[in-house]
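The sequence and structure come next.

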Amino acid sequence: MTTTFSDHVTTRSPAASRLQFQIVFTRTLMYVVLLVIVVVEAFPLVWMLLTSVKNQREVFNSFLPTSLDFSNFPRVWAAMNLPIHLFNSLYVTTLTVFLTICVATLAGYAFARYRFPGRDWLFYIFIGAMMIPGQAILIPMFQFLKAIGLLNTLTGLSLSYLGGATAFAIFLMRAFFLSLPRELGDAARIDGANEFTVFWRVYLPLARPGIATIVIIQSLGTWNEFMFSTTFISSPELKTIQSALFQAVGRYSTDYTALSSGLILALVPIVTVYLILQRQFISGLTAGALKG
Amino acid sequence: MAVQSVPRTSEFQRSLRDSLPPALFLLPAAIVLVLFMGVPMVNAIILSFQSWNGMSPPVWAGLNNYATLFKDKLFLVALGNTAYFTIITVIFQSTIPLLIASLLNSGVRGSTVFRTLYFMPVIISLAISGLLWAMIYEPNFGVLNSTLRSIGLGGLAQLWLANRATVMPSVIIVSIWQSLGFYLVIYFAALQNIPRELYEAASIDGANAWQRFMNVTVPGLRPVIVLVIVLNTINGVKVFDQIWVMTAGGPNHASDTLGTYLYSMAFGAMGSSNPQFGYATSIAIVILLLSFILSIVQIRLGRRAELEE
C-alpha cells in the first residue's frame with residue numbers, strides 16, 4: 001500500500017497508471033449508463049413533443065420535423081374542448097384536496113395529541129382503509145352516487161375519492177403532529193385557550209409542511225385518476241382531462257400530430273407545477289411512500 | 001348509596017368531558033370514512049354474494065359467484081396475467097431502481113439533475129402514458145417499428161399490442177419505464193442514511209463494488225426493499241389504467257388482468273349491454289384479499305430475514 005502510494009508520488013509506475021485508468025474508465029462507464037437511462041426515460045416524451053410540431057404529412061416519414069408547425073395546438077385546444085376538461089379536473093382536484101385537508105388535519109391532530117379509549121384500534125381501522133383498492137368500492141360507489149343523485153357530477157366524483165384520500169392524509173398528519181412539541185399546547189392552555197384554539201392557532205400553522213405534502217400527493221393523485229373519473233362521469237362536457245383524452249383517441253386514432261398535441265397540452269399544467277416545485281414533489285412523494 | 005354514586009357520576013362526566021374534544025375532532029373523518037369507504041366496502045361484500053344486472057332487484061346467490069370464478073376460463077386467464085404482470089414488475093421494479101440509485105449515490109456529479117429527469121414520467125398519469133405508448137407501439141406509424149425498419153431490422157417489427165406473445169411484455173415495459181423514477185427516489189433517500197464509513201471499511205477489506213452492494217447496501221436497505229416490493233405487489237395485483245387504455249385486455253383476453261376483466265364484466269368495453277355487478281364485485285374482493293395477504297406475507301418474511309441476520 002505504502003509503496004504504491006510513494007510510487008505514485010514519485011514516478012507513475014505501470015500499476016498506478018493502470019489503477020488511474022481503471023478509475024477513469026469506471027467513472028466514464030457510470031456516466032454512460034446514467035445518460036442512457038436519461039435517454040430511455042425521456043425519449044417517449046421527446047418523441048411526443050416532436051410529433052406534435054410536425055405537419056401531418058411528415059409524421060410517418062422522418063423522426064425529426066423538417067419544419068415547426070405549431071398550428072396543431074390551437075386546433076386541438078378547441079377541437080378537444082381542452083379548456084373545459086382542464087377546468088373540470090382543476091375543480092375536482094381543488095375540492096378533493098380542500099376537503100381532505102379539513103378532515104385529515106382535525107383527525108390526525110386528535111390521534112396524535114389526545115388519549116381516549118379505543119384510540120389505537122380506531123386508528124388501525126382508519127388506516128386500514130388505505131389498503132382497500134379502488135376496484136373494491138367501484139361498483140357500490142357507482143350505485144351510491146346514483147342513489148344520492150350525484151352520479152355524473154364533478155362533486156360526486158370528488159366525494160368518491162374522499163375515503164381513500166383522507167385515510168392516507170390522516171396517517172401523514174398524525175405523524176406530523178407527533179413530531180411537534182407537546183409543551184406548546186400546554187402553554188396555550190395555561191393562557192386560557194380552549195382546545196380548538198390550541199389546534200387552530202398553535203398547531204395548525206406549524207403543520208404547514210405536512211399540509212403541503214398532502215396537497216402535492218393528493219393533487220397529483222386526483223388530477224391523474226382515471227378509473228373512477230371514466231366510470232362515474234358520462235356527459236362529454238363533464239369529463240376530466242384524463243378520460244376526455246381517452247375518449248378522443250377514437251376520433252384521432254390516425255391523426256398523430258393532433259393526439260400528441262393534445263397529450264402535450266394536457267401535461268403542460270402538471271409539468272409546469274412539477275418543474276417549479278420539483279424538490280417538494282420528490283421529497284413529498286417519497287415521504288408519503290416511506291411513511292405509508 | 002346515593003352518596004357513593006355522586007363521585008362516580010362526576011368521574012363519568014369528567015371522562016366524557018375529556019373525550020369530547022377528540023370525538024369532535026374525529027367526527028368529520030369518521031363521517032367521511034364511514035360514508036365513502038365503510039358503507040361501500042360492506043356493500044361490496046354483500047354484492048359479491050348476489051347476482052345483479054343493475055336493473056332488476058339483486059338476487060341472493062350465496063357462494064355462486066366465488067364458485068363460478070374457478071370454473072371461468074377467462075377469470076383464470078386474467079388471474080394468470082395478473083400474476084405474470086405482478087411477478088415481472090416486482091422483480092424489475094425493485095432491482096433496476098436500486099442499482100441505478102446506488103450508482104447515483106456513489107459520488108456522481110449532478111445526481112439531482114439525473115433524479116429530476118428520471119422522475120418526469122412519474123408525474124404523468126398512467127392513462128396518458130398508456131396513450132403515449134400505444135402511439136409508440138402502433139404497428140404502421142409508431143416510432144418503434146419505424147425505427148426498426150429504418151435500421152434494417154424490419155423483420156423484428158411487430159404488432160406489439162395486437163400480438164398475444166408480445167402484448168404482456170409490452171405493457172410491462174411501460175410500467176417499468178414509468179415507475180423507475182419513483183422507486184429510485186425512495187431508494188436514494190434511504191441510501192443517504194447508510195453511513196459512508198461502512199463503504200470505506202468494506203473497500204479497505206478489499207470488497208469490490210458488487211460485494212459492497214451485496215454486503216452493505218442490500219442489508220442496510222432491507223426494510224425499504226420490502227416496502228418497494230409490497231408497493232409493487234399491490235400495484236401489480238390491481239393494475240388497470242395503462243392496460244385498459246392500451247389494449248382493454250385484448251387481443252382476445254391476452255392482456256386481461258383481474259382489474260380489466262372485472263371492469264368489462266361490470267361496465268363493458270364500450271358501455272356494457274349485460275352488466276354483472278355481483279360477479280364483478282367478487283373479482284374485486286379477490287383483488288382486495290390478494291393484496292392484503294401478499295403484503296402481510298411479504299412484510300412477515302422481511303422481518304424474519306432481518307431477525308436471522
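The pLDDT is the predictor's confidence in each residue, on a scale from 0 to 100. The model described here is a predicted one, and chain A averages a pLDDT of 86, with 92% of its residues scoring at least 70. Over residues 1–10 of chain A the pLDDT falls below 50, and this stretch has five contacts in the model beyond near neighbours in sequence. For chain B the mean pLDDT is 87, and 95% of the residues reach 70 or more. Residues 1–6 of chain B have a pLDDT below 50, and zero contacts are found for this stretch beyond near neighbours in sequence. The scores for the model are ipTM 0.88 and pTM 0.88.

**Domains and the contact between chains**

The domain assignment of chain A gives domain 1 (2–52) and domain 2 (74–291), and the centres of these two domains of chain A, taken over C-alpha atoms, are separated by 42 Å. Their contact takes four residues from domain 1 of chain A and six residues from domain 2 of chain A; on the side of domain 1 that touches domain 2, the residues divide into two nonpolar, two polar and no charged. Chain B is assigned domain 1 (2–47) and domain 2 (64–308), with C-alpha centres that lie 41 Å apart.

The contact between the chains takes 66 residues from chain B and 68 residues from chain A. On the side of chain B that touches chain A, helix H1 (residues 2–47) of chain B gives the most, with 16 residues, and the residues of this side divide into 54 nonpolar, nine polar and three charged.

In soluble globular proteins, nonpolar side chains tend to be buried together. The largest nonpolar core in this model has 158 residues, of which A:Ala107, A:Leu263, B:Tyr187, B:Ile283 and B:Ala284 touch the most other members. Helix H7 (residues 154–178) of chain A supplies the largest share of this core, 15 residues. Leaving aside residues up to four places away in sequence, B:Tyr187 touches B:Pro97, B:Leu98, B:Ala101, B:Leu221 and B:Val224.

Helix H3 (residues 73–105) of chain B has 33 residues and reaches 48 Å from its first C-alpha to its last, close to the 48 Å expected at 1.5 Å a residue. After H3 of chain B comes B:Gly107, which has a positive phi near 80°.

**Loop positions in chain B**

Which loop holds B:Gly142? B:Gly142 is placed between helix H5 (126–137) and helix H6 (143–150) of chain B, and, not counting residues up to four places away in sequence, B:Gly142 touches B:Met135, B:Ile136 and B:Tyr137. B:Gly142 counts as buried because it has 21 C-beta neighbours inside 10 Å, where the cut-off for a buried residue is 20 or more.

B:Ala248 lies in the loop between helix H11 (241–246) and helix H12 (258–267) of chain B, and B:His253 is likewise found in the loop between H11 and H12. B:Ala248 has a positive phi of about 55° although it is not a glycine, and phi of B:His253, also a residue other than glycine, is positive and near 70°. The table lists the neighbour counts and classes.

| Residue | C-beta neighbours within 10 Å | Class |
|---|---|---|
| B:Gly142 | 21 neighbours | buried |
| B:His253 | 18 neighbours | partly exposed |

Definitions and conventions. Residues numbered from 1 in each chain as written. Chains lettered and ligands numbered in written order. Helix = DSSP H or I, 4+ residues; strand = E, 2+ residues; numbered from the N terminus. Expected span 1.5 Å × (residues − 1). Contact = placed C-beta atoms within 7 Å. Nonpolar A, V, L, I, M, F, W, Y, C, P; charged D, E, K, R; others polar. Domains from an automatic or database assignment. Core = buried A, V, L, I, M, F, W, Y, C linked by C-beta atoms within 7 Å. Buried ≥ 20, exposed ≤ 12 C-beta atoms within 10 Å, placed from the backbone.
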